[in-house]
Amino acid sequence: MADLLISGIIYGSIITLGAIGLTLMSDILNFFNFAYGDFFTLGAFSALAVLGFLPDMGTFAGLSFGWGMVIAAVTSICVTVSVMLFFDFIFFKRLRNIGVTSLFMSLASLGVSFIIRAAVNIIWGPKVRYYTPAIQISRDLPLGIRMKPDELVILICALILVVAVFYFLKKTKTGKAMRAVSDNKVLAQATGVETDRVIMWTWIVSGVLAAVAGVFYGIQVQLSPTMGWNFLIPLFVAVIMGGVGSFWGALIGGMTIGISEELITGLIQNTFNAVDIQANISVYKPAVAFVFVIVILLIKPYGLLGKRKG
Amino acid sequence: MINYLSSYLVMSCIYAIMALALNLQWGYTGLMNFGIGAFYMVGAYTSAILTGAPSAEHVGGFGLPVIAGIIGAALVSGIIAYLLSFPALKLRGGPFAIALLAIQETLYLVIKNESWLTNGVWGIRGITRPFFNLLNPRHYVFFYLIIAAGALAITFFAIEKAVNSPWGRVLKGIREDETLTSMSGKNCFLYRMQSFVFSSMVMGIAGALYVHYTGFVSPQVFSPLMSTFLVWLMVMVGGTGNNRGVILGAFLVWAIWVGSDFLTDFVPASIATQIGFIRMFFVGSILGVTILTKPQGLLTQKLLTIELFREESR
């Protein structure tokens, strides 16, 4: 039970990072970006590539990675953001100028998703990869919690990043402009907010979050070219559940999805095992997110903290 | 060679039926369905189980005639669509697409893991192929081409008739402006549901036609790329809301898809193994470029009057 909860919290924190990026993007750019998950993949794999170039720099005490991973993560953030801005330049910027509806923008993002996934497959191959072959052993923490040191670091880093994004949105001029555009685009433009700059910053913030989340998932689980695509449904469910554009909504949504996917399937499996029913429930983990989206949207069509847009 | 061409035409016809069904949803009703593969898959498996021979590994062995399998496929797809329409059709645009994508993933998991029903990843073999014993196996593909082309023609005329009827005009109205349509006293939910269920039944039939052609079905065939997004590409290339266009799109896109098989003979072996991903790359690129250059597709549709009204009111 406690183990399930811990792994749910870790998984949830990775989803939350992505969900915050995705909710900002869905709101400010005003379309559902189906390529967002594949930027996770891109981030994770470009970090792998950088690690391959770097000499062995040792590891931090007790962790499975060292300074090499820090350099790799920073580089992968740069790569992911550049690729995002590149696709914005060749596709989305032009589509915005043509003025197509958001549904067509979503379809174009689907094309981008295929392009990235194919490129990752061609460059790195379809096999599952790991950053390090070493296996980590869980350690006992106070209060009877057992956790790998890597997991603790991921959790703390995710928390720092979420706080950083929160302060960026709350305190900086760019962050305020982003929130203004999200509230009311026309009004923001009328008061002199440069929409192009805001859109660029939205790509940058969500790119940073996607790359970091991808690297974290790579450290925690594994890397595979389809990992980002598999993240897409939980990510969108978290965004829709929290309400598109809501920072706190994405936080709540991401954690709820992460924890409940682990907890619900785990608990059902335990119950089945207890009463001797042969069934493998864990394969249906992704379906939990689907049930969630249906239930939440039936109760609250605009999400938990969503705002109704006119 | 002529066999190869006929086989290409059969698959094109099946995909064209899918594309027509998607066009009814997306092109005429504005439903962004990213889970069409689910109904195709359900149709395929329903027909395979209903007509299949008895097997120790999974249910089946009803041994029904093929026509019963096709009707069963349409019914089961239709019932699933009907049941799903209550929660799913409350959503619009992006969230609807996500919900349907999630439905497809969930049904895919069920098909893949519940081997008592579908024999899991090993798939179902030896599915009845209609009149296979009466014909020379080498000429069978020509016979099946007639069936597939006939089914395509029926689907085309049925959908053309439907969208040009008053019913179809309401659908177009919903696509353009749902509030306006409901203000004219139309029950939009009911119309969207009818469109959703009807086209899902057509997709089920397409799935049944597919399994009775290949005689084999396994979950791998229903990957989102092959069963959903390729069809989307066909509709986008052909022209949203244009039935002739999407048929053209289906034949064109499928020609590019199978045409790349020939390429494997001319490129080094190291690249040949990656042909699947290169295809995926091109699917993505074509989709993006089509939307960028010709958002309405190759054969563009005449503007609706309601569109003109909107221009003025802006």
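Reader: Is N30(A) buried, exposed or partly exposed?

Author: A residue is buried if 20 or more other C-beta atoms, placed from the backbone, lie within 10 Å of its own, exposed if 12 or fewer, and partly exposed in between. N30(A) has 19 other C-beta atoms within 10 Å, so it is partly exposed. Please note that this is a predicted model, in which local features need pLDDT of at least 70 and side-chain atom pairs count only at pLDDT 80 or more, while totals for chains, interfaces and linings use all residues. Residues are numbered from 1 along each chain as its sequence is written, and chains are lettered from A and ligands numbered from 1 in the order in which they are written.

Reader: Where is N30(A) found?

Author: Helices are DSSP runs (H or I, at least four residues), numbered from the N terminus. N30(A) lies in the loop between α1 (2–28) and α2 (36–53) of chain A.

Reader: What is the phi of N30(A)?

Author: Most residues other than glycine have a negative phi. N30(A) is not a glycine, yet its phi is positive, about 60°.

Reader: At what angle do helix α5 and helix α6 of chain A pack?

Author: Axes are lines fitted to C-alpha atoms, for helices over the stretch in contact, and angles run from 0 to 180 degrees between N-to-C directions. Helix α5 (residues 149–171) and helix α6 (residues 173–183) of chain A pack at about 80°, and their axes are 5 Å apart. Therefore α5(A) is roughly perpendicular to α6(A), a term for angles of 65 to 115 degrees.

Reader: Which residues of α5(A) and α6(A) meet?

Author: Two residues are in contact if their C-beta atoms lie within 7 Å. From α5(A), F168(A), L169(A), K170(A) and K171(A) meet G175(A), M178(A) and R179(A) of α6(A).

Reader: How many residues does each chain give to the contact between chain A and chain B?

Author: Chain A gives 37 residues and chain B gives 32 residues. On the side of chain B that touches chain A, α4(B) gives the most, with 13 residues.

Reader: Which residues touch the most other members of the largest nonpolar core?

Author: A nonpolar core is a set of buried Ala, Val, Leu, Ile, Met, Phe, Trp, Tyr and Cys residues joined through C-beta atoms within 7 Å. The largest has 198 residues, and those touching the most other members are V293(A), I17(B), M18(B), A19(B) and M234(B). Helix α1 (residues 2–28) of chain B gives the most to this core, with 15 residues.

Definitions and conventions
Helices (H or I, at least four residues) and strands (E, at least two) are DSSP runs, numbered from the N terminus. Angles under 35 degrees count as roughly parallel, over 145 as roughly antiparallel, 65 to 115 as roughly perpendicular and the rest as oblique.
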